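Please look through this report with the model open beside you. Each section takes up one part of the picture.

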Amino acid sequence: MTNETTAGAARRLLKRVFGFDAFRGAQEEIVVHVADGGDALVLMPTGGGKSVCYQVPALLRAGTAIVVSPLIALMQDQVESLNQLGVAAAFLNSSLDWPTVRQVEARALEGALDLLYMAPERLLTERGLDLVDRLDRSGRLALFAIDEAHCVSQWGHDFRPEYLQLSALHQRYPAVPRIALTATADAATRREILDRLGLGEARVFVSSFDRPNIRYTVVEKHNARRQLEDFLADRKGEAGIVYCLSRRKVEETAAWLVARGWDALPYHAGLDAATRAENQRRFLRDDGIVMVATIAFGMGIDKPDVRFVAHLDLPKSIEAYYQETGRAGRDGEPAEAWMAYGLQDLALQRARIEESEAEPRQKLLETQRLNTLLAYCEAPRCRRQVLLDYFGEASVPCGNCDVCLEPPQLWDGTVAAQKALSAIWRTGMRFGVGHLTDVLVGKATDKVRSWNHDALPTFGVGADLDEADWRGVFRQLAAAGLVQVALAEHGAVKLTEDARPVLKGERRVELRRVVTGRAKGRRGRAAAVADLAPADAGLFERLRAWRTDTARRQGVPAYVILHDRTLKTLAASRPRAAEDLAAIPGMGEAKIARYGEELLSMLNG
Ligand code: ADP
Ligand code: ZN
């Protein structure tokens, strides 16, 4: 590179090959640092744009970049995406037959590959290292990219023993730059990565973990299926994931959605491998599939256009919630994280911890994790702020979560709490929320009469609130630990020690209430086509149909052809000539050559 800076070359390459006008966030700094030979550790949230950070330096530097990735199932799609951009890339993993392996190796040795994806166990074989040695000796080893670098952490869920051996790369090829990438945020994992991969000299790039395009919403669960269907009704034709806790609930929910006319599929570890693979394949390749899944459906869901992630049950922790919701909107387009949560979920999770065989210390830890998550669910302030706070990041109210959009009413719930607690006490701590509410609002049902509860002093003292309000009161009292729900006793609500100061008037209770009337009108849709004019939306749909066909013919996922963002901009700006196509994000040289003519005829036909 004579007479120009690395940055200038990087920007031009980004435009020419990827069709992007500018780097995002720290991308440029990272690209320049690595292209100039530095080591880097990149912490960036899912969808932040990690791939560009090693793909651009791979193309700027002479020779082949080795990309280590644990996700064999995804390598093919990643390589396919690069091939569509006109980049020479290939992969080596256990899914290939021998002739193909030899062919890929030969291409690498000829210097015909810019990127070579390898599973770590493949790289670390004698044959793998021999290949890399030969590239190195001929000066054709561009860099090492170590993707999903948190797999080196023995404490994490994704630990891969082979990752520990990757530190050998440093000793063996000290002059070759390495870039490790992960979406895992916490400081302990970061230190472990630096330590175990021998990246002591590496520059660390930490991005904000905010996902501004994701809208967070938590609704109070009263009829989960109907609420889910209401949520989905605005999102026909969009791809999303619905997380449930149990396999049975996954099966039932998927079957129910299918019966209601949705394109839904189940996914959980109890399905046979072939069904799982087929369902995952369809989710990745077809448009608009709703995947109903347990958390077994997880790492490596690289699909950029997942428009929503819905939780019908509470996740395990706030980290788990962040990871799971993070699968929405990798492409940066508006996406939704929606959760329905109620008293039952809270009681179930508490019972799960209570009844587990874990050590008392472990139980305490799990209880704290649950409480943090409940605090998120019941938060009176911006949900994104609560999340980012948790990751140690300061922020301001986001304007893109339910709390910001429809601020809940905060009210002094001390008296209401006292009424609820005394209703529990006076009925002998043997009844569930439904019955207690009847007593409070003064509804003399048969059950209330048969227990003589209509004669209690508490009968009817809560008539100023409605049933939904009381449900909210009980749930919040449970979240705050003032009451407990005994699932083994048909959901009987009991007082805890902490209830005493409230009953004695020594402690105030602040409660929140969602004002549903306001909620309706402002719901609005954060979907991909929301901001298109009706005429353009029609064109967008036709472009999508074309993309589906094209992808089918080539046997690749639709997003590998073109992203939604690109189709949307095409529909809205209707370029007339080939030169205008280059201005559309995502239309690099290779894509224009391949699809330009077809697109122009559709746009101007
Ligand atoms: P990650 O691996 O961090 O989850 P990706 O590398 O898959 O993220 O990138 C997420 C999305 O952002 C992709 O759709 C990618 O094409 C897009 N993207 C990345 N960098 C840019 C950029 N500089 N300009 C526009 N889009 C980008
Ligand atoms: Zn907010």
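## Terms and ground rules

Ala, Val, Leu, Ile, Met, Phe, Trp, Tyr, Cys and Pro count as nonpolar, Asp, Glu, Lys and Arg as charged, and the others, Gly among them, as polar. A residue is near a molecule or strand if one of its heavy atoms lies within 4 Å of it.

This is a predicted model, where local features need pLDDT of at least 70, side-chain atom pairs need pLDDT 80 or more, and totals for chains, interfaces and linings use all residues. Residues are numbered from 1 along each chain as its sequence is written, chains are lettered from A and ligands numbered from 1 in the order in which they are written, and side-chain values use heavy atoms, leaving out hydrogens and water.

## Around ligand 1

The shell of ligand 1 holds 5 nonpolar, 7 polar and 4 charged residues. Of these 16 residues, Gly 47, Lys 50, Ser 51, Arg 330 and His 563 come nearest. Helix H3 (residues 50–60) gives the largest share, 3 residues. Helices are DSSP runs of H or I with at least four residues, numbered from the N terminus.

Now the atom pairs. A backbone N or O atom of Ala 22 sits 2.9 Å from a nitrogen atom of ligand 1. Arg 24 places a polar side-chain atom 3.2 Å from an oxygen atom of ligand 1. For Gly 48, a backbone N or O atom is 3.4 Å from an oxygen atom of ligand 1. On its own, ligand 1 has 570 Å² of accessible area (Shrake-Rupley method, 1.4 Å probe). The protein covers 84% of that area.

## The zinc site

Four cysteines coordinate the zinc ion (ligand 2): Cys 382, Cys 398, Cys 401 and Cys 404, each through SG, at 2.3 to 2.4 Å. Donors are N, O and S atoms within 2.8 Å of the metal (3.2 Å for Na, K and Ca). Their spacing in sequence is C-x15-C-x2-C-x2-C.

The site is tetrahedral, with angles of 101 to 117° among the 4 donor atoms. The ideal tetrahedral angle is 109.5 degrees.

Cys 398 is partly exposed, at 26%. Buried means under 20% relative accessible area, exposed over 50%, and partly exposed in between (1.4 Å probe, protein chains only).

Asp 564 lies in helix H27 (residues 564–573). Asp 564 is buried, with 3% relative accessible area. Val 502 belongs to helix H23 (residues 499–503). Val 502 is buried too, at 0%.

Note on methods. Polar contact = N/O pair within 3.5 Å; in protein donor to acceptor, adjacent residues only side chain to side chain. Helix = DSSP H or I, 4+ residues; strand = E, 2+ residues; numbered from the N terminus. Tetrahedral: all angles 85-135°; square planar, octahedral: opposite > 155°, others 65-115°.
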